[in-house]
Amino acid sequence: MAAVSQSAMTVESSVEKPKMTARNLDLFYSENQALYEVNLDIAEKQVTSLIGPSGCGKSTFLRCLNRMNDTIDGVTIKGEVTLDGRDIYDKRIDVVQLRARIGMVFQKPNPFPKSIYDNVAYGPRIHGLVNSRDELDEIVMTSLERAGLLKEVKDRLQSPATGLSGGQQQRLCIARAVAVSPEVILMDEPCSALDPIATAKVEELIDELRSNYTIVIVTHSMQQAARVSQRTAFFHLGKLVEVGETDQIFTNPKDERTKGYITGRFG
Amino acid sequence: MTDMASLMEDRAAAKVISDNLRKPVDWDSPKIARNIKKRYAAERRFKIYGLVAICLALLALCTLALSIGSKGYSAFYQTYVQLEVTFDPAVIDPEGTGDPEVIGRANFDGLIKQALRDRFPDVTSRSEKRNLYGIVSGGASYDLRERVLENPSLIGQTRSIWLISGDDFDMLNKGYIDADVEEGSRRLNDQEVSWYNELVEAGAVEKQFHTRFFTNGDSREPELAGIWGAAVGSFYTLIVTLALSFPIGVLAAIYLEEFAPRNRFTQIVEVNINNLAAVPSIVFGLLGLEVYLNVMHLPRSAPVVGGLTLALMTLPTIIIASRAAIKAVPPSIRQAALGLGASPVQTVTHHVLPLAMPGILTGTIIGMAQALGETAPLLMIGMVAFIVDIPGGALDPATVLPVQIYLWADSPERAFVEKTSAAIMVLLAFLVLMNGLAVYLRKKFERKW
């Protein structure tokens, strides 16, 4: 019965022109089911935030969206995830190209131990997006500019990326993701390892990126979800409990569990 | 709301525990003081154990270095005897052709013997003469020939020339043969010792740096035996070993770490690799003998077979070290690359491998050093042969440094004792060099990242 009521709810809250959709998504780590019948639409050029207590499956769900779960042994996925209406788990889909179209930023900043320039240039290089050095330079500069990092690093593009501060590293990772011109950017708790000032910068950046990219962000901070996202989805114990406009979720949640979580009574 | 209910229960339980903890602790009680004292004593004891262990290890190392060094250093010097040699045209080039081939065939040995007879004219009997000729090494005639071929104008002249001495004479000069003991229990009789004393008084005995030791191959004559043949053999053997075991080992490690599914098959492979690392090396020798020599009919005693055999032995070491190095690369780097759309192979070659390289290289060089010092498997495939020529390639018969040491240690001549120690010093020098290289490479690559 629960399945029926849930799918009824998601249909109710589905968006007009979804960039990505998940339909009846089940995910198993070997024997343990981590996601149960998740139905969720990701609206284009909006920020969708996924919230919920630890272990609720929100990061797992995020990694389903660019098939990063493929790299983990023993993961089985049922159901359907689409990008622009095409099933991304279709055999004909090239995972490499898919991940170029759906970029990802991780919880801990993970720049390559190379120069700042090479970090940003890596994506365009492996995908053969550029024909000349000048073109590559331009992409690197634009990406850094978009990530709000250019001013801070333009004099030391050749110095190692690992020498940057945590916040700068995370923005570099965003620049690196942006450099391959993705359509969707997935962010897995991008600010959890950053101090409040760096967090504010990254949040500002997310807001700016919204005009060009579809963004899905996993966060533990309710305030962050409220600040940066237009839509919010609440996960609990592997199930999508409620999804809707961020304002509605935070001011007028329909589900008791959502209410309990956002008011801090459990989790 | 079962979640809520269980939460309440947890809180209640936590409260009981924290009440028990609230009892005040008397930090000045004798019991606590005793405990602290005991803890400090234990720490001091532990420190002392560590120091003792290090001292013992250093002592062992020093003893080894001292005993080898003190025995071996004299092998780097060789006794030379000065004699008046007459380059008799009648012996060297009776027809005055000046043809190098004729000169090359001449009896230079006879010239040296003549010079010795001239120096000690009162020696007449056959056995005395044989002893007399022992003062100069059999290899001295080659030196003379070289000299004359280089400078034919010597023919007809009489020159005083330093000639390499025989091994017994050399031992006497280096003090390894004691002239004071009874005649019957030393290798040189009184007459030979008196010749020696006479030559020393005349200033005709001298120790010179022994370059031959570094340039010659093996020889039955200790004064002519050198390490170069074995060093070249070791070089070719290691090249073959490296060329095989490095790529195979690294690729196997990459596959097992990055691509292989975790199932029963890979588990069995892993267990077997770890077991192989512990297999006694002579077993690999037997395998090499059976497979490479008996089945594949590769040349006996050749570095190529030695290299193939040692590669088998080194593979597990390289695979284990490489896997550890690859495992140590943070997963976040792989995720970053995969998240950008790099293929698994690109992820490995662009990011994982460069980061793992210092560890892989260290493991490889340690494996190579192990192979350099290995003797047992090479005995099985015939690299223990007495080989005089310096090998010109991996297919020529050769021996290697540790086997050379084994061969010399087995030789009866007194002079081979110092050669053995000197060869050990050369081998150790190579090992130190290789380990130094490992440290250098690790540092260099680490700095880059």
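Visitor: How many of the nine residues of helix α18 (residues 401-409) of chain B are buried?

Guide: Seven of the nine are buried, so to speak mostly covered. This is a predicted model, where local features need pLDDT of at least 70, side-chain atom pairs count only at pLDDT 80 or more, and totals for chains, interfaces and linings use all residues. Residues are numbered from 1 along each chain as its sequence is written, while chains are lettered from A and ligands numbered from 1 in the order in which they are written.

Two terms come first. A residue is buried if 20 or more other C-beta atoms lie within 10 Å of its own, exposed if 12 or fewer, and partly exposed in between, with C-beta atoms placed from the backbone. Helices (H or I, at least four residues) and strands (E, at least two) are DSSP runs, numbered from the N terminus.

Now the names. In α18(B), the buried residues are B:Leu401, B:Pro402, B:Val403, B:Gln404, B:Ile405, B:Leu407 and B:Trp408.

Next, the cores. A nonpolar core is a set of buried Ala, Val, Leu, Ile, Met, Phe, Trp, Tyr and Cys residues joined through C-beta atoms within 7 Å. The largest one has 75 residues, and A:Ala175 and A:Ile185 are among those with the most contacts inside it. Helix α7 (residues 166-178) of chain A gives this core its largest share, six residues.

Step back to chain B. It holds 19 helices and three strands. Its radius of gyration is 34 Å, well over the 22 Å that the globule rule gives for 449 residues, so chain B is more spread out than a compact globule. That radius is taken over C-alpha atoms, and the rule is 2.2 Å times the number of residues to the power 0.38. Along the principal axes, the C-alpha atoms of chain B fill a box of roughly 120 × 65 × 40 Å. Of its 449 residues, 34% count as buried.

Six residues of domain 1 and seven residues of domain 2 make the contact between them. Two residues are in contact if their C-beta atoms, placed from the backbone, lie within 7 Å.

Chain B also meets chain A. There, 21 residues of chain A are in contact with 19 residues of chain B. On the chain A side, α3 (95-101), β6 (102-105) and α4 (116-127) each give two or more residues.

Chain A has eleven helices and ten strands, and 44% of its 267 residues count as buried.
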